[in-house]
Each structure stands twice: as structure tokens, then as C-alpha cells.
Amino acid sequence: MEASKLNEEIRELYAQYGLAMYHSQCVEKSLAILLWAMGNPQFLSATPEERKRSIDENLKKTFGSLAASLRKRVELPANLEERLVRSRRMRNWLAHNYFWERARHMLSSKGRQQMIAELKDASAFLDSLDDELMTISQAWRHAAGIPDEVVDRAMEEYLREMGSDI
């Protein structure tokens, strides 16, 4: 195999791995923020310092403990429960064992292509779960009488406080 093709495959492989890990972190952070909001009725009226302290406490928790906390607060549909368990296992596998278990696949173009396809599937699954969590969060906010505009403003303020230029 020519070097440029090999380099292209490896770049694509690592890019897909990064995207899968990104979506994994999105799910984890969505859980943390959803739990924070659901467990804190005054979350929009909190001071910036209180918001930061409260969110930071949830962000320190592991993926598994966040999912367990959500299960304690609300009854989850069986499908969502299964998807959360699957996403936790997938995240741990990606973070701790993926390349170790796939080392031999790295040695061939066919193996690298299989890895790329596998990582695309993982990324799509995690992205769809994050979307589902966002939908749950939005439904919860609407049921609580909190319009999207209020949350959008609070999020912009939070990002500004965190030094984001978004």
C-alpha cells in the first residue's frame, strides 16, 4: 500500500475515534446537566457561582453514577435504560480497551476500514442517544413551564462565565 493511502486511512481512523469519544462525552455531559436541572428547581434563578458549583459537582461524577442517579429520579423507558447501559459500556471500551483489542486490525487496510465503520456506528449511536437526552430535557423543561428562550439565555450566560466565545 502506498504511504499516502495508509496515512489517509490512519487519519480517518483516528478522526472517527475522536468523534466517537466526543459523542460519548456529549452523552455524559447531557446526563450531568439534565440531572442538575431536574434536581435543582431554582437552577435558572441561581447565581452564576451557585450554577457553576452545582454543575461542576455533577460533572465530577462518573458516567455510571450519572446514569444510576437518573434512574433513581425518573422511571426510564426500557429502551432508554438499555441504551444508557450500552453507551456506558461503549464509552468505557473506547476509552480503555479499543485500540488494545483492535491492534491486529491496524495492520491491514481491510482491518482499518472495519474499525472506521465500527467507530462510525458507535458515533451514530452515541449521537442519537445524546439527541434523545436533549429531547427528554426539553420535555421536562416545558412541563416545568420553562421556555426554551430562558434556557438559551442562561446557557449563553453560563458559557460567557466559563470564558467561551460561542
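A: Let's start with L31, which is in contact with F63, L66, A67, L70, L84 and L133, leaving aside its neighbours within four places in sequence. Contact here means heavy atoms within 4.5 Å. Before going on, a word on the source: this is a predicted model, in which local features need pLDDT of at least 70 and side-chain atom pairs count only at pLDDT 80 or more, while totals for chains, interfaces and linings use all residues. Residues are numbered from 1 along each chain as its sequence is written, and side-chain values use heavy atoms, with hydrogens and water left out.

L31 belongs to the largest nonpolar core, which has 29 residues. Such a core is a set of buried Ala, Val, Leu, Ile, Met, Phe, Trp, Tyr and Cys residues joined through side-chain atoms within 4.5 Å. L31, L70, L84, L94 and L119 are the residues with the most contacts inside this core. At least two core residues come from each of α1 (3-38), α3 (63-73), α4 (78-96) and α6 (109-143). The largest share, 10 residues, is supplied by α1. These labels count from the N terminus along DSSP runs: helices are H or I over at least four residues, and strands are E over at least two.

Now see how α1 meets α4. Their axes are 10 Å apart and pack at an angle of about 135°, and that makes α1 oblique to α4. The axes are lines fitted to C-alpha atoms, for helices over the stretch in contact, and angles run from 0 to 180 degrees between N-to-C directions. Angles under 35 degrees count as roughly parallel, over 145 as roughly antiparallel, 65 to 115 as roughly perpendicular, and the rest as oblique. The crossing of α1 and α4 is left-handed, a term for a near helix turned anticlockwise from the far one by less than a right angle; clockwise would be right-handed. On the α1 side, Y17, A20, M21, S24, V27, E28 and L31 make the contact, and on the α4 side L84, S87, R91, L94 and A95 do.

Next comes the pair α4 and α6. Their axes come within 11 Å and cross at roughly 135°, so α4 and α6 are oblique to each other. This crossing of α4 and α6 is left-handed. Among the residues in the contact are L84 and L94 of α4 and L119 of α6.

S30 counts as buried because its relative accessibility is 7%; buried means under 20% relative accessible area, exposed over 50%, and partly exposed in between (1.4 Å probe, protein chains only). Not counting residues up to four places away in sequence, S30 touches D130, L133 and M134.

Finally, let's step back. The chain has seven helices and zero strands, and buried residues make up 36% of its 166 residues. Of the contacts with a separation of 6 or more, 75% join residues 24 or more positions apart. The chain averages a pLDDT of 86, with 95% of the residues scoring at least 70; pLDDT is the predictor's confidence in each residue, from 0 to 100.
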